[in-house]
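The following report describes the geometry of one protein chain, moving from a single side-chain pair to the chain as a whole.

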Amino acid sequence: AFEVEKLSTTPLVKRASIDSPPKIILGKDKKVRLRISQEVDALTFLSGSKDSKEGDDNEEDIDISNNVPEDVRRDELTITHRGCPMVLIGWALLASPYAQLAMAENVENEELIGKAKDAIMKKAERGGKYAKELSKAFAQAKEAGKGEAGKTEASRNIGSISDSIGWMGGYFLPDEFDITPRALCSFFRMVEKDYPRRKVNPYHNNVHGADVIQSTHALIQMGEVDMALAYTPFEIYTILLAAALHDVRHPGTNNNYQINKQTELSLIYNDNSVLENMHASRASYLLKVGEEIGARNGEDSGGIMGNMDGDQRKLVRTQIIRSILYTDMSRHFAEVAKMKRYIDAVKDEMNGSELSAPFLTRIGQDKHAKLRDKMLPYILHLADISNPSKNPRVSIEWSNCAYDEFFLQGDKEAEEGMAISPLCDRTTTNIADGQVGFINFVVKPAFEILTQCIPNVECVVNQLNENLKFWEKEKVRMKEEKEMLER
């Protein structure tokens, strides 16, 4: 569900102000095609900007191709490390399909423009404030014979999660909650500033935050129509926000370090899910500020909460806190065991029934409430540890980033006279061995359980198996190299 296909060189991007969507300026053949969803499968967007200390909002045109040596492979990670991936991924998903229309128009791709317009017009038939406005603009432009139908002021004020069945070309969030894409962009810029950049945290940075949003979306979409029937737009929106906020202000060291060092965070949170509690607390603050974004932008809206009432806003915060706490790896095995028990109960019921209703349609029953309650946080947790399931080139890059950060922690622990945490000693850690164990005992069993609820996740398990073969070969190779050096 996430493929980047480089067509030529890197894009020239104009960084927008904090209160407006990013504007992408592309010259001839300067395109990077990004597959966002099953419906709109080739959308051009990528932000290139100079790293700044604060991730500030300098309005300037920057051609990053001049800053990258010719012999450097410009893969998706190399490029996005230099830009604002959280703003772009967050806007593209939570403002779909309106974001897709804007991006398709930017590169003048008539096929994608047609797909986005078709989705919007279908939504307008079912109802939706913004979809109706744009559909009217499309009709007026067509009647006037203009080639750039729909590029109106209304199109700049849109963003979307759908009340329809299944994936209908976008989530249609503003139509559901009266949330503008301008508010979403402002919010994601604020959140991205709270994530360290790669030069500070090799792994827990803004690229990781964007990756988890995208991966959560991909797993949800694998559930297709059944997922749309099982969960409301409100719940999907909340889990995507949780994905964006799950690692804000990560210090680059894990809970083990915090507790052993008796840091201020460990004292505040009593050694209990130290970082996760900190992330959740900061997320609550950002959500509160996010409510005021509309007023700051001069809009008569409730920011990222749109037209939600007080109880709904409180529930958004509660669910996001719970979902972030669920990402604590110390809970992994216990939560996987619980999910297995809950899923087995549904399967036993299905085996004894003459009806062949899909799995996800059954979890709405009261007796399966615990499974339904945990499913989306479980998906977020798996998205958080999904790097070994990506295509080999991307997966290897992510593992390198993770171990770079682990080793920095190990260096710090050694310098401070502390015991070095597992996998953090650069002199003794075997990366291949660690990855084999991580896939075999942590990631793969968890995804195999999810396939029983969402069969399409089998493709993720297949990729895990392929990557496992690579790391097993690497393990043998590294062992042989070590033996040769010791002779």
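## A histidine pair

His208 is found in helix H8, residues 206-222, and is buried, with a relative accessible area of 1%; buried means under 20%, exposed over 50%, and partly exposed in between, with a 1.4 Å probe and protein chains only. Leaving aside neighbours within four places in sequence, His208 is in contact (heavy atoms within 4.5 Å) with Tyr203, His246, Asp247, Asp384 and Trp398.

## Basis of the values

This is a predicted model, in which local features need pLDDT of at least 70 and side-chain atom pairs count only at pLDDT 80 or more, whereas totals for chains, interfaces and linings use all residues. Residues are numbered from 1 along each chain as its sequence is written, and side-chain values use heavy atoms, with hydrogens and water left out.

## Overall make-up

The protein has 21 helices and six strands; both are DSSP runs numbered from the N terminus, helices being H or I with at least four residues and strands E with at least two. Of its 487 residues, 54% count as buried. The accessible surface comes to about 21,900 Å², 49% of which belongs to carbon and sulfur atoms, as given by the Shrake-Rupley method with a 1.4 Å probe.

## Salt bridges

The structure holds 22 salt bridges, each a side-chain nitrogen of Lys or Arg within 4 Å of a carboxyl oxygen of Asp or Glu. One of them joins Arg372 and Glu235 at 2.7 Å, N to O. Arg372 lies in helix H18 (residues 369-384) and Glu235 in helix H10 (residues 233-245), so the pair ties together parts that are 137 residues apart in sequence. Arg372 is partly exposed, at 21% relative accessible area.

Lys338 and Glu335 meet in a salt bridge of 3.8 Å, N to O, and, being three residues apart in helix H16 (residues 332-351), are separated by about one helical turn. Lys338 is partly exposed at 27%, whereas Glu335 is buried at 5%. Salt bridges that share partners join Arg331, Glu335, Lys338 and Lys374 into one network.

## Helix H20

H20 has 21 residues and reaches 28 Å from its first C-alpha to its last, close to the 30 Å expected at 1.5 Å a residue, the expected span being 1.5 Å times one less than the number of residues. H20 bends by about 45° at Ile439, the bend being the angle between axes fitted to the seven residues ending there and the seven starting there. At the N-terminal end, Asn430 caps H20 with a side-chain oxygen that lies 3.1 Å from the backbone nitrogen of Ala432.

## Backbone exceptions

Most residues other than glycine have a negative phi, and most peptide bonds are trans. A cis peptide bond, with omega about 0°, joins Ser96 and Pro97, and Pro97 is found in the loop between helix H2 (85-94) and helix H3 (98-106).

Asn270, in the loop between helix H12 (264-268) and helix H13 (274-291), has a positive phi near 55° and is exposed, at 63% relative accessible area. Ser273 lies in the loop between H12 and H13 and has a positive phi of about 45°, but Ser273 counts as buried at 14%.

Notes. A polar contact is a pair of N or O atoms within 3.5 Å; within protein, one must be able to donate a hydrogen and the other to accept it, and residues adjacent in sequence count only if both atoms are side-chain atoms.
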